[in-house]
Amino acid sequence: MPNSTGSQDFPQIKLARIGRDGTFMRPALVLSGSVLFPGVITVTPVDTVESREAVETAKLKRETIVVLPLHEEAETDRPELPTIAVEASVLRLLRLPDGTLNVLVQGRRRVEVVDYVQDEPYLRVKARPIDEDQEPTQETKAMMQAVINLYRRVTELNDSIPEDVIIHILNADDPGVLSDVITSTLSINFEDRMRVLEAIDADKRLHHVAILLGQELSMLELKDEIASQIQKEMDREQREVYLREQMRVIQTELGEADIFQQELNDVREQIVQADLPPEVNEKATKEFSRLSLMSPLAPEVGMVRAYIDWLTSVPWTQTSEDILDLTHAHKVLEEDHYGLPKVKDRILEYIAVRKLAGDKRNSPILCFVGPPGVGKTSLGKSIARALGRQFVRVSLGGVRDEAEIRGHRRTYIGALPGRIVQTMRRAGTVNPVFMLDEIDKLGADFRGDPSAAMLEVLDPEQNNAFFDHYLDVPYDLSKVLFITTANDLDPLPPALLDRLEVIEFGSYTEEEKVAIARLFLIPRQLEFHGLDKTSLKISTPALQTIIREYTYEAGVRNLEREIANVCRKVARLTAENKRHPQTIDADHIHRYLGPPQFEEMRVNEEDEVGVVTGLAWTPVGGDVLIVEASVLPGKGGLTLTGSLGDIMQESAQAALSYMRARAEDLGIPHDDFDAFDIHIHIPEGAVPKEGPSAGIALATAMISAFTERKARSNYAMTGEITLRGKVLPVGGIKEKVLAARRARVKNVILPKQNARDLEDIPKTALADLNVIFVSDMQEVIDIMLLEGPGLGMRKLDQIRQEKEKAQAEAEGMNEI
């Protein structure tokens, strides 16, 4: 609402005449959301019919009106009007073309509203003038000077205040007028204006105005500071633009190109030479258009530039030509790896299909599963060499974020594509051999499940349009030969496992380890240590000693470490010009490698009661288990020790139930199960043991303990037992049979349904063993248990008889 002060060329209207009771009556004009101060001229709209009637009547009769300030949120039907108002003169009515009416009014003096005397056709009030005449004190004058100084500083920062208003205020000598006029020029809210209007005391009013001026000054200074900072930034940017333009002109005059323009030209050429698919080319061209319109100093320039670099550097059409020569592939695979016939046959089959069918069939998704150190990763390199393809590898161990696979969206600072696209960029072709190592070590947390993202990567029906969040365009992975590796399939989700063609890597036999050491490990370590092949030889007995006493593994990784240890010792002696043996025998091994790290697996050398040899599978190969069963007086309890897992404990319960069900056939009195406890222990209690494959060994040990029939010591066994005595097949047969051979156990009892698993075991290993297949527990008992003392001759019978005799004597004494 525009305000002004000072004398104007308007007709003078007299103030209302005061009655005997000190009051007068005048029409009232309600100002919504605004406050009129004495001495101020302002234009205000007339919104209601009542207000229009009031101002027209006052203008016609040349009377003053009472201006009542009203908050905007107040109800207009019958509002609670203020008690302090302003008597004002209606100077002019301004009728606008749209029919609205504005009125020019001048505040004359403060009045106190006594009563509302009329509502129709307009509001009429009874008011009493407020006497504001008072002689200013020295304190008031000091306050006036302080207010004027503050106002002067405000006007220096606020250009919207008219010059004549500023002059009028600076020359004011009345504290009340000074406060009112200053307040009318400030941009403050309704409540602050009303607080000044209602302050009758001039000193109090000046105090309010000083506070408002201080607040206004703080706000204006802050705005001025912000504006100054913005202006400096704009000046700096304009200066940089001006200087850059000057530099461009100078470079043009000197025949030099603009650096940024040169970079744009390089990017354009990069897009053209990348030979992108249509959809990708459209995306890259669109981003280049954005880049060309940006200022070189814009922060988005680096992000867009990096995105275009990724689009153009990832291979889209570049391929390496496959070598489809089966003879060459077979030669390469044999040169690099010993054994592994199944894997080699599968790769040769793939090459044969590629040779005959071309690209009609998608590449398989292979999964190499086996213990550490058996050559899974190195075989992937050999496959790439046999095919003539690039080999790339990504380790998935510990990956927990889905974005590691699919990439980050470009809205994030420092966003990058996922590992799949990054590795494809490193490969440089669309058909590499891509090894995803340790896929069973993928994790999951609040950032997503990476194994779920791998479903699209490893599905031949979907990976032709793999979507990376960063690239934001489909990427074809269908030509990639994916090979995954894992130590265990249990952690893999079923949906992911269903997409994989699983090829199992078994443990190496001792003969295979010796052959691998001769063909690969020893020559490599001799070369690494600078030794001549003719100057050092390691005999077969020495290798066998290393394998048996210094390594305990399914693969050959630790074997190579120990061979390297021997080579280091010899290399030091050679460097010191000291003599060393030309051939390393078994006797030299202890001198070079120290005491044995592992004892050879030992089993019972004598037939004993309640002691049976079982077979177990471990991640590093097979092992033998000694199952011990002992019967002692008690109440029929079963105690299991040796860190047995839940499944193994259930197998023991099933074996006990089978024995009790067949007690009569086995020659065991039923009373034994109430009179004696049985304790089963498997040594090496610190090593957890789990699985159902020790079922028949547990049952044999229990039956031997109760019948006191000795169990044969030169037999080892594995198999699950049911309550009916059926022997069910188990896994890890190859590792278990090799463990029995390594422990020098000549006879191995296996479930009949596991006969097919012997095909994976080398014939040289089977030649040393007598494998017996069984389908029922009775067959195991007939083979394993020797003749016992017979019923009534057992130690258990003697214990029970002595116990019964002691009870009878005790009862006799009680009768006496």
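Where is Asp 131 found? Asp 131 sits in the loop between strand 7 and helix 2 (138-157).

1. Basis of the note. This is a predicted model, in which local features need pLDDT of at least 70, side-chain atom pairs count only at pLDDT 80 or more, and totals for chains, interfaces and linings use all residues. Residues are numbered from 1 along each chain as its sequence is written, and side-chain values use heavy atoms, with hydrogens and water left out. Helices (H or I, at least four residues) and strands (E, at least two) are DSSP runs, numbered from the N terminus.

2. The negative patch. Asp 131, Asp 133, Asp 173 and Asp 174 form a negative surface patch. Patches are made of residues with over 30% relative accessible area and no salt bridge, like charges being joined within 9 Å and nonpolar side chains (Val, Leu, Ile, Met, Phe, Trp, Tyr) within 5 Å. Asp and Glu count as negative, Lys and Arg as positive, and His and the chain ends are not counted. The place of a charge is taken as NZ of Lys, CZ of Arg, CG of Asp or CD of Glu. Asp 131 is exposed, with a relative accessible area of 62%; exposed means over 50%, buried under 20%, and partly exposed in between (1.4 Å probe, protein chains only). Asp 174 is partly exposed at 33% and belongs to the loop between helix 3 (163-170) and helix 4 (175-185).

3. Arg 124. This residue lies in strand 7 (residues 124-129). Arg 124 is buried yet has no salt bridge, and the nearest side chain of opposite charge, Glu 63, is 4.8 Å away. A salt bridge requires a side-chain nitrogen of Lys or Arg within 4 Å of a carboxyl oxygen of Asp or Glu. Leaving aside residues up to four places away in sequence, the contacts of Arg 124 include Met 25, Arg 26, Tyr 116 and Gln 118; contact means heavy atoms within 4.5 Å.

4. The nonpolar patch. Met 219, Leu 222, Ile 226, Ile 230 and Met 234 make a nonpolar surface patch of about 450 Å². Areas of this kind come from the Shrake-Rupley method with a 1.4 Å probe, and for residues only the protein chains shown count as cover. Met 219 is found in helix 6 (residues 202-253) and is partly exposed, at 44% relative accessibility.

5. Helix 18. In helix 18 (residues 540-549), the buried residues are Ala 542, Leu 543, Thr 545, Ile 546, Ile 547 and Glu 549. Their cover includes helix 17 (510-528), helix 19 (557-575) and helix 25 (733-742).

6. Val 745. The loop between helix 25 and strand 26 (747-751) holds Val 745, which is buried at 2% relative accessibility. The C-alpha atoms of Val 745 and Tyr 715 are separated by 6.2 Å, although the two residues are 30 apart along the chain.

7. Backbone points to check. Most residues other than glycine have a negative phi, and most peptide bonds are trans. The peptide bond from Glu 120 to Pro 121 is cis, with omega near -5°; Pro 121 is in the loop between strand 6 (101-118) and strand 7. Glu 438 has a positive phi of about 55° although it is not a glycine, and is partly exposed at 25%. Asp 472, also not a glycine, has a positive phi of about 65° and lies in the loop between strand 11 (466-467) and strand 12 (474-475).
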